[in-house]
Amino acid sequence: RRNEGDHVSATEYWKKAAELGDSVAHYQLHISYQDGEGVEKDMKKAIYHAEQAAIGGNPEARYNLGYEESGNHRIERAVKHWVIGATLGCDDSLDSLRKSYTLGIVQKEDFAAALRAHKAAVDATKSPQREEAEAKWYDDLVEERN
């Protein structure tokens, strides 16, 4: 419903799902509270839902928590979130670690370990069926636009 512009209804559904422990719903609520879509903007609630999503294994939530921590000058905590996010396959977390490495914040061994873990996570999601589905999705998209 969010893509249809009905942020209020979408938020109500996500609240119900989050109460049941759904990490994707927590992540969507994080975004809603952060941006003020369907709810009043509330960074405390945004962070709470990002934390719940991260605990549930959401890699983008880990990246966002790292971003928040870096903005609050808690770089060590930010790096920890990004390492976990990269280990789960989050490209944004890996990019943040890469930048931190070039700035001398992250050690070479730690960056290399995160890079290997990221590659393993991404490789684990590859399959002929996924590649076929992605190719079909792309073909359908191109056909739709023509």
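**Figure 1. The lining of the largest pocket.** I47, E51, A54, I55, R62, L65, E68, E69, N72, R74, R77 and H81 line the largest pocket of this predicted model. Helix 3 (43–55), helix 4 (59–71) and helix 5 (75–87) are the elements that each give two or more residues to this lining. Helices here are DSSP runs (H or I, at least four residues), strands are E runs of at least two, and both are numbered from the N terminus. Sorted by class, the lining has six charged, four nonpolar and two polar residues. Ala, Val, Leu, Ile, Met, Phe, Trp, Tyr, Cys and Pro count as nonpolar, Asp, Glu, Lys and Arg as charged, and the others, Gly among them, as polar. The space in the largest pocket is about 180 Å³. On a 1 Å grid over the protein atoms alone, a pocket is an open set of points where a 1.4 Å probe fits, with protein on both sides within 12 Å along at least five of seven lines, and lining residues have an atom within 4 Å of a point. Grid points are joined across faces, edges and corners, and the volume is the space filled by probe spheres set on the points.

Residues are numbered from 1 along each chain as its sequence is written, and side-chain values use heavy atoms, with hydrogens and water left out. As this is a predicted model, local features need pLDDT of at least 70 and side-chain atom pairs count only at pLDDT 80 or more, while totals for chains, interfaces and linings use all residues.

**Figure 2. The whole protein, for orientation.** How many helices and strands are there? The protein has eight helices and zero strands. Its C-alpha trace spans about 45 × 40 × 30 Å along the principal axes. Of its 146 residues, 33% count as buried, where buried means under 20% relative accessible area, exposed over 50%, and partly exposed in between (1.4 Å probe, protein chains only).

**Figure 3. The largest nonpolar core.** Eleven residues form this core: Y63, A78, V79, W82, A86, C90, L94, L97, V106, F111 and A114. A nonpolar core is a set of buried Ala, Val, Leu, Ile, Met, Phe, Trp, Tyr and Cys residues joined through side-chain atoms within 4.5 Å. Not counting residues up to four places away in sequence, V79 touches L97, I105 and V106; contact means heavy atoms within 4.5 Å. A second, separate core has eight residues, including A18, A25, V39 and A46.

**Figure 4. Helix 2 and what covers it.** Helix 2 (residues 23–35) has 13 residues and reaches 18 Å from its first C-alpha to its last, close to the 18 Å expected at 1.5 Å a residue. That expected span is 1.5 Å times one less than the number of residues. Ten of the 13 residues are buried, so helix 2 is largely enclosed by the rest of the structure. Helix 1 (7–19), helix 3 and helix 4 are among the elements covering its buried residues.

Figure 5. S23 is found in helix 2 and counts as buried because its relative accessibility is 18%. Beyond its neighbours within four places in sequence, S23 is in contact with A53, G56 and N58. H49 lies in helix 3, and its relative accessibility of 11% is why H49 counts as buried. Leaving out residues up to four places away in sequence, H49 touches H26, Y27, L29, H30 and Y33.
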